[in-house]
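Subject: Structure handover

Hello,

Here is the structure for you to look at. My notes follow below it.

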Amino acid sequence: MDLNFNIVSSNLPTLWQGLQITVASFLLALAIGLPLGALLTLCRLRRAGAIERAARTYVTLFRAIPEMVLIFWMYYCLPVLTASKISGFWSGSIGLGFVAAAFLCEVFRGGVNAVPKGQWEAANALALPRTALWFRIIVPQAARLSLPPFINYMTELLKATTLLATIGVADLALQAYLLGAQTFRYFEFLTAIAVVYFVVIFPIARFSEHMERRLAGEKG
């Protein structure tokens, strides 16, 4: 097999531009999903009512729809409703943000529900104000318990940004494919970006595993 990875280094500026778009899409999706997920969590923690049902419906809907289908819908169908053209980058990133909100809602809600009931009972026994109960007792513990699954989902969200290539967004994946098509060196370019994703994601995944083991040890 005739391999030439020097061609990758000679095209690093193009790949770097693609990586920047990948990171920008990830950050935009996170900027949408994080606050929206937190808001949905507050709504879902309400035991009943229209707000809780609406939040539950949102989470069920956006967890069930595949990311690629939603990205296609945002890119091809949303402009029909809004009568305005939306770029692939924005439509794809916003779509991923909506999906991220649904998954992060369940991550945060799981963290809140994992706080021992004794903490709630002790706070109520001390007649702590509701604000103090949440921000001094519940939220710090829930955030700590939610950290491992939150980090895990961040890696999934980063990998999901490669789907934007399907609507022509020149992210790292699409740039590698186009360079491979131009030079007939698919092996070199696709292997190179696989290594990039591994170098970025593997340490994050290991950190998440470390946090899970640490929390499990403390519970034991």
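Helix α3 passes helix α5 in a left-handed crossing. Left-handed means that the near helix is turned anticlockwise from the far one by less than a right angle. The contact (heavy atoms within 4.5 Å) involves Tyr-58, Val-59, Phe-62 and Arg-63 on α3. On α5, the contact residues include Phe-98, Phe-103, Cys-105 and Glu-106. By class, this contact has nine nonpolar, no polar and two charged residues. Ala, Val, Leu, Ile, Met, Phe, Trp, Tyr, Cys and Pro count as nonpolar, Asp, Glu, Lys and Arg as charged, and the others, Gly among them, as polar.

α3 covers residues 50–64 and α5 residues 88–114; their axes lie 8 Å apart, at an angle of about 120 degrees. So α3 is oblique to α5. Angles under 35 degrees count as roughly parallel, over 145 as roughly antiparallel, 65 to 115 as roughly perpendicular and the rest as oblique. Axes are lines fitted to C-alpha atoms over the stretch in contact, and angles run from 0 to 180 degrees between N-to-C directions.

This is a predicted model: local features need pLDDT of at least 70, side-chain atom pairs count only at pLDDT 80 or more, and totals for chains, interfaces and linings use all residues. Residues are numbered from 1 along each chain as its sequence is written, and side-chain values use heavy atoms, without hydrogens and water.

Now the whole chain. It has nine helices and zero strands. Helices (H or I, at least four residues) and strands (E, at least two) are DSSP runs, numbered from the N terminus. The C-alpha trace spans about 70 × 50 × 25 Å along its principal axes.

Best wishes
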